[in-house]
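Open the model in your viewer and keep the sequence panel beside it. Here is a short tour, one selection at a time.

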Amino acid sequence: MNSPAAIIQFPALRDIPLAHACAPVHQRDYLLAGELRTWDGPVQDVLSPVCLRRPDGPPRQVALGHYPLLGEAEALAALEAAARAYDHGRGAWPTMPVAGRIEAVEEFAFRMAEKRAEVVRLLMWEIGKTLPDSEKEFDRTLQYVRDTIDALKELDRVSSRFTLAEGILGQIRRAPLGVALCMGPYNYPLNETFTTLIPALIMGNTVVFKPARFGVLLLRPLLEAFRDAFPAGVVNTVYGDGRTVIGPLMASGGVDCLAFIGTAKVADLLKKQHPAPHRLRCVLGLDAKNPAIVLPDADLDLALSECALGALSFNGQRCTAIKMVFVHESVYAPFLQGLAARVDGLSRGMPWEEGVRITPLPETGKAEYLRGLVEDAVVRGAKVANAGGARVEGTFFSPAVVAPVDARMRLWREEQFGPVVPVAPFATVDEPLRWVAESSYGQQVSLFGRDAAAIGALLDPLVNQVSRVNLNSQCQRGPDTFPFTGRKDSAEGTLSVSDALRVFSIRALVAAKGTGANKALVTEILRQRRSKWLSTDFIF
Ligand code: G3H
């Protein structure tokens, strides 16, 4: 764990290819009530995880620009703008026919597609995501928007008919909730923010959204599209310290729906600040420590590649990452050796470099934190199993396989959210099953094995502890049409393309006794198109 001469080669300025160079973004504007307002108060400087090599000192993080550090007044103004646009459900947006809202989102998606290159470049520079993964995040998000539009069309088609029961006729549709506060995480600052923001919007809610701690500037190129595609006040942005800008919003009681992807600790704090928590609909994606369980008959090659991929994609900074690996003692030694070799073979470098898998980390102090976790395990008897593991240079931490990890070590329970892979041998499956049952998290598990009887017997207890069991594959959120959720401290609510439409809305219905007069009244409303909500229009 001592730093050797060079564990990563940071570039000099002249080494950065022109195609991937990033001009600083000095953002002073924010979107409020349909206008880009200029902020002349304090700003937050943004540093890239990418450092530059210097002849006369240690590598230094690249300055990427800044964004506004808004105050309480600006945050409350954003909430007020969203509330005004909602206007107790009477605003242009919540009363707009579904087809109109779809058109606005389509317009936004079209404008968004034009900004691909800018957003992808900022994803690389702000959070250190590799070029292919940054492109994937952008494309997946755009696809999510398109799939959301299709899902809403389908939902609307189903809801455009009338129901007749016990002599009562009714039309049941989904209606918006009010003002939604959307906050995404830094590891998927575009994708996970939009997987709540877009469904919230398309269902007729108005929105205040705050970007994550890192990955703020990459949303700047989209502000004009938000301003132009939606009516004034439907989308508003806030930037700054969470305590300053989010606390007052929650305490005001004006937030009807909280969509937050982050830690359970912060989610609890936010929920408690709301004066009437029963009024607050929450959609939360929280902490996780997904284990892999490698059974004696597992295809080791497959288990090794899925575990390495699952644990170390985007440097392990995924809520779905495999963060603990249990291996049956009969295959423990070859597995550990194989994993160490694979991890050492992963290419490290800058996000734009071809074939690079491990990159510098955006969080200040993260490399030292990870080193602390590894040192704690080593002091208690574990070893770093790979030759180049757990070395720190500036913002870079070289991925480490740590074994054998046991209950005395922080790595046993703590969510590392970084490139450290703890491995523990087990004699009977009761050991990992107990670990899962005692864990505060309950998102996913990966099971590796070939014996139908053994796997089958494990599935039954596991599906009652977590929300997804992956067979011979890494843990992951996708495909986005699958439900994404978790138990215990891992989530509240379920997201998928179609589930998200449900969580950001509530069923409302218009009902009437099926008398001749009521039937005539409803027919007249429909025929003369007197209501946008009560309608039998079919969206093609
Ligand atoms: O950080 C959590 C993400 O939702 C994980 O998504 O499995 O597609 O990387 P992913």
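The stops below cover a strand with its partners, then a helix.

This is a predicted model: local features need pLDDT of at least 70, side-chain atom pairs count only at pLDDT 80 or more, and totals for chains, interfaces and linings use all residues. Residues are numbered from 1 along each chain as its sequence is written, and side-chain values use heavy atoms, with hydrogens and water left out.

**Strand β12**

Select residues 281-285, strand β12. Four of its five residues are buried, so the rest of the structure largely encloses β12. Buried means under 20% relative accessible area, exposed over 50%, partly exposed in between (1.4 Å probe, protein chains only). Strands (E, at least two residues) and helices (H or I, at least four) are DSSP runs, numbered from the N terminus.

Strands pair if DSSP finds at least two bridges between them. Pick I261; its bridge partner in β12 is G285.

Now show β24, residues 491-492, which pairs with β12 in the antiparallel sense over two bridges. Here L284 has E492 as its bridge partner.

**Helix α2**

Move to residues 98-113, the 16 residues of helix α2. Which of its residues are buried? They are V98, R101, I102, A104, V105, F108, A109 and M112. Turn to the face away from the buried side for the exposed residues E103 and F110.

Key
The expected span of a helix is 1.5 Å times one less than its number of residues.
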